[in-house]
Amino acid sequence: MKTMKYYLKNIFLAVSCLWIFTACNDFLTLYPEDDIVDDEYWETGEDVQSVVASCYRFMLEDNVISRIIYWGEARSDNMDYSTSASTDEQYLKDANLLSSNGLVTWGDFYKVINICNKVIKSAPAVRDRDANFTEERLHNYLAEVYTLRALCYFYLVRSFGDVPYVTEPSESEQQDYQVAQSSADDVIVPALIEDLKQAEEYAPEEWQTERYTRGRITKNGVRALLADIYLWKASDMGNSEAQADYRSCVAACDRVLYNQAMYETEMMMVEGNRMYNSVFYAGNSTETIFELNFDKDGKMNGATANLYGNTTKGKGARFEPTAQLFNTYLDVQYDYRARDFIAATVEAGSDGSVVPPTSFKVFKYEGQSPASALVPHTSYEYSYRASTSTANWIFYRLSDIYLMKAEALAELAVTDDERKTVISLCNVTYKRATMEMDSLEYADYPSMDAVKAMVLQERQRELCFEGKRWYDLLRKVRREGATAGAYALLEKAYAREVSTYKARLSNPEAWYLPISLTEMNANTQLHQNSYYAMKEQ
C-alpha cells in the first residue's frame with residue numbers, strides 16, 4: 001500500500017468533492033481526502049461518520065468502477081473491445097496478459113480497505129470521548145466498514161486468487177508495508193464470512209431515507225454479499241463443505257426475500273416496461289439492495305461512459321456487446337432486456353422474422369430512453385444521458401438474489417420438484433422481461449445439466465454489463481475443475497483466431513489475473529501467480 005500524507009481534520013470539500021450523500025445534510029460533506037487518518041482526528045461521532053463516508057467516497061473512483069468492469073465483465077463472452085480500445089484493454093480481452101498491464105493494479109481497492117481498517121481500529125475509542133455517540137451507532141458504522149472491506153477483498157480474490165490480507169491500518173510513513181499473500185480459499189474467504197456474520201447482526205435494517213437505504217450498507221446488503229461469497233466458496237471443487245455452503249447461500253437469499261416485506265423501505269421487482277428507467281436511469285429503485293450513488297453536482301460516474309460509451313457525452317465505446325449475447329434474447333420475440341440493455345438496429349425480415357443486427361452498443365447505465373418498440377427499431381431511437389447526468393453503480397438487486405438462490409439450489413437439487421423450483425426462480429426475472437408473454441418451461445430442461453446451463457444463461461441475460469459474468473464463468477471452472485465447459489461459452493463469442501486464445505485459457509490459473517509488476521516492486525513479499533510466472537520467464 002502506498003504511503004500518503006496525513007489527513008487534515010474537517011476538510012471542507014463541498015465544492016470540489018460533492019458526492020454520494022451531499023443531497024442530505026446529516027451525512028457529512030466533511031470527510032478526509034486520503035487513506036491515512038491522523039489519530040487526533042477521532043474525537044466525536046461525527047468524525048467517525050466522516051471517515052465512514054470516505055470509504056464510500058473512494059469506492060466511487062473511476063479506477064474502482066472501471067476495474068470492476070474490466071475484471072468482471074470485459075473478459076467475458078458478453079463483450080468485445082472496439083477500435084477505440086487501448087492495447088492493455090485488447091490484451092485483457094484476448095487473455096494475453098502480463099504483469100506490466102496497467103489494468104491489473106489493485107491500489108484503489110486497498111485504499112478503501114485501509115480506511116475501513118482504520119475505522120475498525122479507532123472508532124470504538126470515540127465512545128469514551130463523545131457521550132452522544134451511541135453504542136448502536138458505533139455498531140452500525142462498524143457493520144458498514146466490515147462489509148465494504150469484505151466487498152473489496154471479494155473482488156480481489158475472485159480476480160487474483162491469493163492476495164495480501166491486511167486487517168491493520170497503515171498509519172505512518174515509517175510502517176512496514178511488506179505483506180505476503182494469504183490463501184484466498186483457506187484464509188481470506190472464511191474470514192470474510194465471519195466478518196459478515198457479525199456485520200449482519202449489527203447493520204441497520206434501513207437508514208433514515210430511501211436513498212441511504214439503497215446507497216449504504218444495510219442488513220440486506222450484508223446478506224446479498226454473504227450469499228455471493230458462500231456461492232463462490234461452494235464452487236471450489238476441493239471444498240468438502242460445498243453442500244453446506246450452498247445451503248448457506250440459499251439461507252442468506254431467503255433472509256433477503258423474507259425481509260423485503262418487513263420494513264417501510266419498499267423492496268419489490270419493478271415491472272418489465274418500467275424496469276430500465278426505474279432501475280438503471282433514475283436509480284435507487286425498489287429492487288435495489290446496494291448501489292453506489294454518484295452525484296451530478298459532484299462525483300460523476302466516468303467509468304461507464306468511458307468504457308460503454310455515451311454519444312451525448314462524446315464518449316466512444318471501448319467495449320461493445322457481442323452478437324452471441326444479443327442472440328440469447330432472441331428465443332422469445334419480446335424480451336425487453338434486448339431493447340433496454342443493448343442499443344442496436346433491429347429489422348423485420350420479409351417473413352416477419354427478426355433480422356439480427358450486426359453492430360451493438362451497451363445501453364445499460366449510460367442510456368436514458370431506449371427504443372419505443374421492441375422489434376423492429378433503430379439505434380437512432382435511443383437517447384443517452386446528458387453531460388450533467390450520471391449513473392449509479394449497482395452491486396446487488398433482487399434479481400441477483402433470485403438467481404443466486406437458483407444457482408445454489410441447482411447444485412443441491414435431485415428431484416423433479418427441486419428442478420421445478422430452480423426454474424420458477426429463474427422465471428421471476430425471465431417472465432418480468434417478457435411481460436408474461438413467455439416463460440421458461442420445465443419440459444424444456446429435462447436434466448439437471450440443462451437446468452444449470454439455463455440458470456447461467458438467465459444470469460447472463462439479466463445481469464450483463466454489471467461486472468458479474470466473468471465470475472459466473474469462473475465459478476463454473478472452479479466447480480468442474482476444468483476450463484472446457486466455460487471456455488466453450490467464451491469461444492462462441494470470440495471474434496478472432498481461437499487456437500491461441502484456447503491455449504491460454506486451457507490453464508485454470510489463467511482465468512485469474514497476474515499480480516501487477518507495480519505492486520510487486522512496491523512489496524517484495526509478493527509472488528507472481530504460477531501461470532504468469534511461467535509465462536514471463
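Helices (H or I, at least four residues) and strands (E, at least two) are DSSP runs, numbered from the N terminus. Residues are numbered from 1 along each chain as its sequence is written. The model is predicted, so local features need pLDDT of at least 70, side-chain atom pairs count only at pLDDT 80 or more, totals for chains, interfaces and linings use all residues, and side-chain values use heavy atoms, with hydrogens and water left out.

Start with strand β12, residues 393-397, where Trp-393 is found. Trp-393 is buried, at 0% relative accessibility. Buried means under 20% relative accessible area, with exposed over 50% and partly exposed in between (1.4 Å probe, protein chains only). Leu-292 is 101 residues from Trp-393 along the chain, yet their C-alpha atoms are separated by 5.2 Å. Contact means heavy atoms within 4.5 Å. Neighbours within four places in sequence aside, Trp-393 is in contact with residues including Ile-65, Leu-292, Tyr-365 and Phe-465.

Now turn to helix α16, residues 448-463, which holds Glu-458. Glu-458 is buried, and its relative accessible area is 0%. Not counting residues up to four places away in sequence, Glu-458 touches Arg-337, Leu-403, Cys-426, Thr-429 and Tyr-430. One of these, Leu-403, is 55 residues from Glu-458 in sequence and 7.9 Å away in space, C-alpha to C-alpha.

Next comes a helix pair. Two packed helices are described by the angle between their axes and the distance between the axes. Axes are lines fitted to C-alpha atoms, for helices over the stretch in contact, and angles run from 0 to 180 degrees between N-to-C directions. Helix α1 (residues 45-59) and helix α5 (residues 135-160) have axes that come within 11 Å and cross at roughly 20°. Therefore α1 is roughly parallel to α5, a label for angles under 35 degrees. On the α1 side, the contact includes Val-48, Val-52 and Tyr-56, and on the α5 side it includes Tyr-141, Leu-148 and Cys-152.

Beyond its neighbours within four places in sequence, Tyr-153 is in contact with Tyr-110, Ile-113, Val-163, Pro-164, Tyr-165, Val-166, Ile-188 and Leu-192.

Terms used: Angles under 35 degrees count as roughly parallel, over 145 as roughly antiparallel, 65 to 115 as roughly perpendicular and the rest as oblique.
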